[in-house]
Amino acid sequence: MATAPQSTEIDRAVSADDRWRLHDLVSEHWARVDRISSGCASEFYEADATMRIGALVRDGQASISEYFADRRDQEDESGRRTRHAISGLVVSATGADACALRFLAVVHAGTGDLPFASGPPTTIADFTASCRRQCDGRWLITDIHAAVISVGPGAASHAK
């Protein structure tokens with residue numbers, strides 16, 4: 001008779017509420033990047049956070065915020081738009097108020113009014129992130145890294 005796989009201690013260390021908060025953090029982060037939600041994705045980073053996506057490296061929330069502002073300006077000029085589809089989010093505790101995230105991002109991009117013409121994904125990347133619970137209970141990203149798996153036509157220059 002087969003038995004269900006048992007959870008690890010790490011799995012049990014992250015509460016269901018915290019898993020939902022972290023899922024919401026990742027979802028809202030990319031919704032802001034894709035302009036589905038208002039606000040800047042940099043609000044989800046600690047002051048000394050690091051963001052590494054392909055050749056792009058930004059250290060500190062101020063630099064990350066500057067990157068997202070520059071990205072928005074470039075999109076306004078070019079008409080380029082993106083949609084990041086996130087899947088396979090795995091949350092693992094790394095401490096009492098710290099965790100690691102792992103997920104897949106598939107990016108589609110196009111230019112012009114919605115709906116934009118889209119071909120194959122512009123980028124597929126494996127992401128890892130470290131997060132820390134703040135005094136007010138919010139989770140913020142301390143480090144995020146994308147290992148770019150593939151790029152297609154229209155990929156961001158830093159992903160190539």
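Student: Is Phe127 buried or exposed?

Tutor: Phe127 is buried, at 4% relative accessibility. Buried means under 20% relative accessible area, exposed over 50%, and partly exposed in between (1.4 Å probe, protein chains only). This is a predicted model: local features need pLDDT of at least 70, side-chain atom pairs count only at pLDDT 80 or more, and totals for chains, interfaces and linings use all residues. Residues are numbered from 1 along each chain as its sequence is written, and side-chain values use heavy atoms, leaving out hydrogens and water.

Student: How do the rings of Phe103 and Phe127 sit?

Tutor: They are stacked, because the centres are 5.0 Å apart and the planes are at 5°. Rings of Phe, Tyr and Trp (its six-membered ring) pair if their centres lie within 6.5 Å; planes under 30 degrees apart count as stacked, over 60 as edge-to-face and the rest as tilted.

Student: Where are those two in the chain?

Tutor: Phe103 is in strand 4 (residues 98-111) and Phe127 in strand 5, 24 residues apart. Helices (H or I, at least four residues) and strands (E, at least two) are DSSP runs, numbered from the N terminus.

Student: And Phe103, buried or exposed?

Tutor: Phe103 is buried, with a relative accessible area of 3%.

Student: New topic. How many aromatic pairs are there?

Tutor: Three. One of them is Trp30 with Phe127, edge-to-face, at 5.4 Å centre to centre and 70° between the planes. Trp30 lies in helix 2 (residues 16-33) and Phe127 in strand 5 (residues 123-133), so this pair ties together parts 97 residues apart in sequence.
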